[in-house]
Amino acid sequence: MLKLSCNGVDRVQLTAQCGFMGRPTSFFSSRTSVAGFRSTKACPVYAVASAKESAVVNRVEPENGSLEDLLRLGSLTEDGFSYKEKFIVRSYEVGINKTATVETIANLLQEVGCNHAQSVGFSTDGFATTPTMRKLHLIWVTARMHIEVYKYPAWSDVVEIETWCQAEGRAGTRRDFIIKDYTTNQVIGRATSKWLMMNQDTRRLQKISDELRDEYLVFCPRELRLAIPEEDSNCLKKIPKLGDPAQSSSLGLVPRRADLDMNQHVNNVTYIGWVLESVPQEIIDTHELHSITLDYRRECQRNDIVDSLTSAEVSDDVPELKGTNGSAKAKDDKQEHQQFLHLLRLSTDGLEINRGRTEWRKKAPR
């Protein structure tokens, strides 16, 4: 994947050369165009270097558009129905495998979805709401998220994410994503999600009226467009409730203040981390996550205490985690692919927060 230099002096010099006019060719030399720099005039770049510390401080003075518009590497596609944005994987976004974590991927999906909504004129407060939604105190909430990762990007890799939304029945909206290696244009991940409307005051779900639907469908593809062919995926497969006792558990998880989002409930990505907390360590050591599906059933508040439960899912094509027939082949097959069911519930009364399913593939030898 494309690597970007971390040398501050080089970056400022390259930025000054390109003047924020269109595509910064010194940064992205492997592709033909980068949208997102919306200024039509050169913006001066000021750099101050300290002889003692060799530190560089640069400041951009935008003349057209906001600074975030100038720096954000994203824009609507030519048809206006989807949005693409480029992201650099930061050092703090990688995990023990030296690649981006699935939480990082989920955060980028959330970011590109919000930026898409802002690019078509919806709210800039992070809620991605239409004018009518704001008038009626309605917000979007996640009902289901499915993420597949075929290859995890590493620190300083550049990925490009494309997203679009469309109607999902009468009560929901679907948002899909395609994740690519920006250098090779290879698809390294896909995702799909379902969103519902909720009244921000009553915390009750709201049916989508024709007025609301017409307001955002004008920005959606006219024909059904799926990131993941449903016949080739279990993204719609029902997730059964995990019963007691679970094979593995992590009890007494408490939301941190940093886990709360602008809706004053636990952020969707936090649930992914909680689910993974109860995955057996031997799986973490030998496998990497291929896909995760979460059904969101209940909001989690700041004072809630959560239990995370995990058990292997046994099916015709997935070998059981524990126990084999004693053959070497059965043991090898068991190690190649693992699938688990998950449950997050309130510790106090056992009410479900969400159900999940994860698929794991054996790590490639180094």
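The report below takes up a group of paired strands, then a cavity, then a pocket and a helix that contributes to its lining.

The model is a predicted one, and the account begins with strand S7, which covers residues 172–181 and has 10 of its 10 residues buried. Gly172, Arg174, Asp176, Ile178 and Lys180 point one way from S7, while Thr173, Arg175, Phe177, Ile179 and Asp181 point the other way, and the residues of both sets are buried.

S7 runs antiparallel to strand S6 (residues 158–168), to which it is joined by 10 bridges, and it also pairs in the antiparallel sense with strand S8 (residues 187–199), here over nine bridges.

Three residues lie between the strands in the hairpin of S6 and S7, where Gly169 takes a positive phi near 70°. In the hairpin of S7 and S8 there are five residues between the strands, and there Asn185 takes a positive phi near 65°.

How many cavities of 30 Å³ or more does a search of the whole structure find? The search finds one, and the volume of this largest cavity is about 30 Å³. Its lining consists of Lys84, Glu160, Glu162, Ile178 and Lys180, and the elements that give two or more residues to that lining are S6 and S7. By class, the lining of the largest cavity has four charged residues and one nonpolar residue, with no polar residue.

## The second largest pocket

The second largest pocket holds about 490 Å³ of space and is lined by 20 residues, of which Ile96, Thr101, Glu103, Leu276 and Ile284 lie nearest its centre. At least two lining residues come from each of helix H3 (102–119), helix H6 (268–277), helix H7 (281–286) and strand S11 (287–296). Sorted by class, the lining of this pocket has 10 nonpolar, seven polar and three charged residues.

## Helix H6

Why can H6 be described as largely enclosed by the rest of the structure? The description holds because nine of the 10 residues of H6 are buried, namely Asn268, Val269, Thr270, Tyr271, Ile272, Gly273, Trp274, Val275 and Leu276. Leu276, one of these buried residues, is also among the residues that lie nearest the centre of the second largest pocket.

The N-terminal end of H6 is capped by Asn267, a side-chain oxygen of which lies 2.9 Å from the backbone nitrogen of Val269.

Conventions
Residues numbered from 1 in each chain as written. Predicted model: local features only at pLDDT ≥ 70, side-chain atom pairs only at ≥ 80, totals over all residues. Heavy atoms only, no water. 1 Å grid on protein atoms, 1.4 Å probe; cavity = no way out; pocket = protein on both sides within 12 Å on 5 of 7 lines; lining within 4 Å. Points joined across faces, edges and corners; volume = space filled by probe spheres on them. Helix = DSSP H or I, 4+ residues; strand = E, 2+ residues; numbered from the N terminus. Nonpolar A, V, L, I, M, F, W, Y, C, P; charged D, E, K, R; others polar. Buried < 20%, exposed > 50% of the residue type's maximum accessible area, 1.4 Å probe, protein only. Polar contact = N/O pair within 3.5 Å; in protein donor to acceptor, adjacent residues only side chain to side chain. Pairing = 2+ DSSP bridges.
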